[in-house]
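Biologist: Can you put the model up? I have a few things to ask about it.

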Amino acid sequence: MIFGPVRTSRIAYRRRGEENLFPQDAELNWAAVHSYPAGVEKRAARAAAIVPFARAAAQVSAQGAVTLGKLQAT
């Protein structure tokens with residue numbers, strides 16, 4: 001999905017002194033370090049392989065509801 005935000009709820013398993021565990025994240029292939037959907041990242045990577053990062057970010061932003069900055073296209 002590349003068009004618009006998605007809202008969902010999830011369950012966190014918690015233990016005192018430990019980081020929260022979100023088992024559904026692995027099932028849905030959600031990585032903690034990524035802030036954009038896989039479709040957006042794929043389009044940015046394809047564009048950045050051909051044109052400069054600023055132009056790649058502008059191309060991806062023009063294709064959907066997300067605004068991608070130059071540094072996010074790297």
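Modeller: Confidence is lowest in helix 1, at a mean pLDDT of 77, and highest in helix 3 (residues 53-63), at 84. pLDDT is the predictor's confidence in each residue, from 0 to 100, and helices are DSSP runs of H or I with at least four residues, numbered from the N terminus. This is a predicted model, where local features need pLDDT of at least 70 and side-chain atom pairs count only at pLDDT 80 or more, while totals for chains, interfaces and linings use all residues. Residues are numbered from 1 along each chain as its sequence is written, and side-chain values use heavy atoms, with hydrogens and water left out.

Biologist: What does the protein average in pLDDT?

Modeller: The average is 77, and 78% of the residues score at least 70.

Biologist: Which residues of helix 3 are buried?

Modeller: A56, A57, V60 and S61. Buried means under 20% relative accessible area and exposed over 50%, with partly exposed in between (1.4 Å probe, protein chains only).

Biologist: Why are they on the same side of helix 3?

Modeller: Because they cover an arc of only 130 degrees around the axis, taken from the directions from the helix axis to the C-beta atoms. R55 and A62 are exposed on the other side of helix 3.

Biologist: What do the buried residues of helix 3 pack against?

Modeller: Helix 2 (38-48).

Biologist: Switching to D25, buried or exposed?

Modeller: D25 is buried, at a relative accessible area of 14%, and sits in helix 1 (residues 23-27). Its C-alpha atom is 9.7 Å from that of I11, 14 residues apart along the chain.

How values were computed
Helix = DSSP H or I, 4+ residues; strand = E, 2+ residues; numbered from the N terminus. Contact = heavy atoms within 4.5 Å.
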